[in-house]
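Here is a short note for your reading of the model below. Please keep the structure open while you go through the points.

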Amino acid sequence: MKIFVGNVDGADTTPEELAALFAPYGTVMSCAVMKQFAFVHMRENAGALRAIEALHGHELRPGRALVVEMSRPRPMNTWKIFVGNVSAACTSQELRSLFERRGRVIECDVVKGRKKEKPKQKA
């Protein structure tokens, strides 16, 4: 069963750490960590359901309650579009409004990463 894990700090969370968190509930087949979310694949449905119940709201990092739920497949005949170079001030609703001029929008998220530190220059 594929589990969606939201509110993850991808820069600070490893697949191994998530696997260890989910392992007490059943066999973890794989983990993939993105910027703000992750997917955990578990072998047994019963174990996955126990993990969802136990870990939803769990704080892996202080102040960051995880969102843990069954992963839902994207509806048929839909496409996921990556839009780069979006202003940090842009909201999901603004982006949604722009795309809705061309058709129905199922889901719209603005993923904002951390600012990268400038490399230190040698003296």
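1. Start with Phe-39, which is buried, since its relative accessible area of 17% falls under the 20% cut-off. Bear in mind that the model is predicted.

2. The charged end of Lys-2 sits over the ring of Phe-39. The distance from that end to the ring centre is 4.4 Å.

3. Next, look at the aromatic pairs, of which the structure holds 3. One of them joins Phe-4 and Phe-37, with ring centres 6.0 Å apart. Their planes meet at 25°, which is under 30 degrees, so this pair counts as stacked.

4. Where in the chain do Phe-4 and Phe-37 lie? Phe-4 belongs to strand β1 (residues 2-6) and Phe-37 to strand β3. They are 33 residues apart, and the pair links distant parts of the chain.

5. Phe-37 also pairs with Phe-39, at 5.7 Å centre to centre. Here the angle between the planes is 80°, and the pair is edge-to-face. Through such ring pairs, Phe-4, Phe-37 and Phe-39 are linked into a cluster.

6. Finally, the strands. Strand β2 (residues 28-33) and strand β3 (residues 37-42) run antiparallel and are joined by 5 bridges. A hairpin of 3 residues connects β2 to β3. Within this pairing, Val-33 stands opposite Ala-38 in β3.

Conventions
Residues numbered from 1 in each chain as written. Predicted model: local features only at pLDDT ≥ 70, side-chain atom pairs only at ≥ 80, totals over all residues. Heavy atoms only, no water. Pairing = 2+ DSSP bridges. Helix = DSSP H or I, 4+ residues; strand = E, 2+ residues; numbered from the N terminus. Phe/Tyr/Trp six-rings, centres within 6.5 Å; stacked < 30°, edge-to-face > 60°. Buried < 20%, exposed > 50% of the residue type's maximum accessible area, 1.4 Å probe, protein only. Lys NZ or Arg CZ within 6 Å of the ring centre and 35° of its normal.
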